[in-house]
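Please keep the sequence and the model in view while reading.

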Amino acid sequence: MDSRDRPEPGPTEIRVELEYPIQVGGQTVRELVLARPKMRHLRAIESEPGGELERTARAVAELTGLSRRAVDEIDATDVARIGEALAKLVGKVLPTGETS
C-alpha cells in the first residue's frame, strides 16, 4: 500500500467536557479523556452483551479508565456528546459489515 493511499491518522485522544459533572471517589469529574482505542479495547467493546447503549458504556469505561459504576452516573445529555466523540475515535476502525 502506497503511503498516499493510507487514511490520515485520527486523534490520539479526545476530550469531552461534561455539561453535568459526575462524582468519582469524592472528586468531581468535569471532563473525560477518551484514548485512541487499541485492539484489546475494540474486542472488549464488541464482545459486550446487550445493545448499543451497553457497548457505548463499555467503550467509555475502556477508553477513560472509569469504572462501569462511574460511567452509569453520566447524564444522558453528556452521553450523546460522548457518543459523537467515540464515533470520531472508533468510527474508522470498527468494521461496518459492508462489502464493496
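The buried residues of α2 pack against β2, α1, α3 and α4, where buried means under 20% relative accessible area, exposed means over 50%, and partly exposed lies in between (1.4 Å probe, protein chains only). Helices (H or I, at least four residues) and strands (E, at least two) are DSSP runs numbered from the N terminus. The model is a predicted one, in which local features need pLDDT of at least 70 and side-chain atom pairs count only at pLDDT 80 or more, while totals for chains, interfaces and linings use all residues. Residues are numbered from 1 along each chain as its sequence is written, and side-chain values use heavy atoms, with hydrogens and water left out.

The protein chain has four helices and two strands, and from the N terminus on its elements run β-β-α-α-α-α. Of its 100 residues, 29% count as buried.

Which residues of α2 are buried? They are T56, A57, A59, V60, A61 and L63. Helix α2 has 13 residues and reaches 18 Å from its first C-alpha to its last, close to the 18 Å expected at 1.5 Å a residue, the expected span being 1.5 Å times one less than the number of residues. Just after α2, G65 takes a positive phi of about 85°.

In helix α1 (residues 39-47), the buried residues are H41, L42, A44 and I45. Seen down the axis of α1, these buried residues fall within an arc of 165°, so they line one face of the helix; the arc is that of the directions from the helix axis to the C-beta atoms. The face turned away from the buried side of α1 carries the exposed residues M39, R40, R43, E46 and S47. The cover over the buried residues of α1 includes α2 (52-64) and α4.

The two strands, β1 and β2, run antiparallel and are joined by eight bridges, and strands count as paired if DSSP finds at least two bridges between them.

The largest nonpolar core has 23 residues, of which L32, L34, V60, V71, I74, I82 and L86 touch the most other members. The elements that give two or more residues to this core are β1 (13-24), β2 (27-35), α1, α2, α3 (68-71) and α4. A nonpolar core is a set of buried Ala, Val, Leu, Ile, Met, Phe, Trp, Tyr and Cys residues joined through side-chain atoms within 4.5 Å.

| Residue | Contacts, not counting residues up to four places away in sequence |
|---|---|
| E13 | V33, L34, A35 and R36 |
| D78 | E17, L18, E19 and Y20 |
| I82 | V16, L18, L32, L34, V60 and I74 |

Is D78 buried or exposed? D78, which lies in helix α4 (residues 76-90), counts as buried because its relative accessibility is 1%. E13 lies in strand β1 and, at 38% relative accessibility, counts as partly exposed. The C-alpha atoms of E13 and L89 are separated by 7.7 Å, although these residues are 76 residues apart along the chain.

Conventions. Contact means heavy atoms within 4.5 Å.
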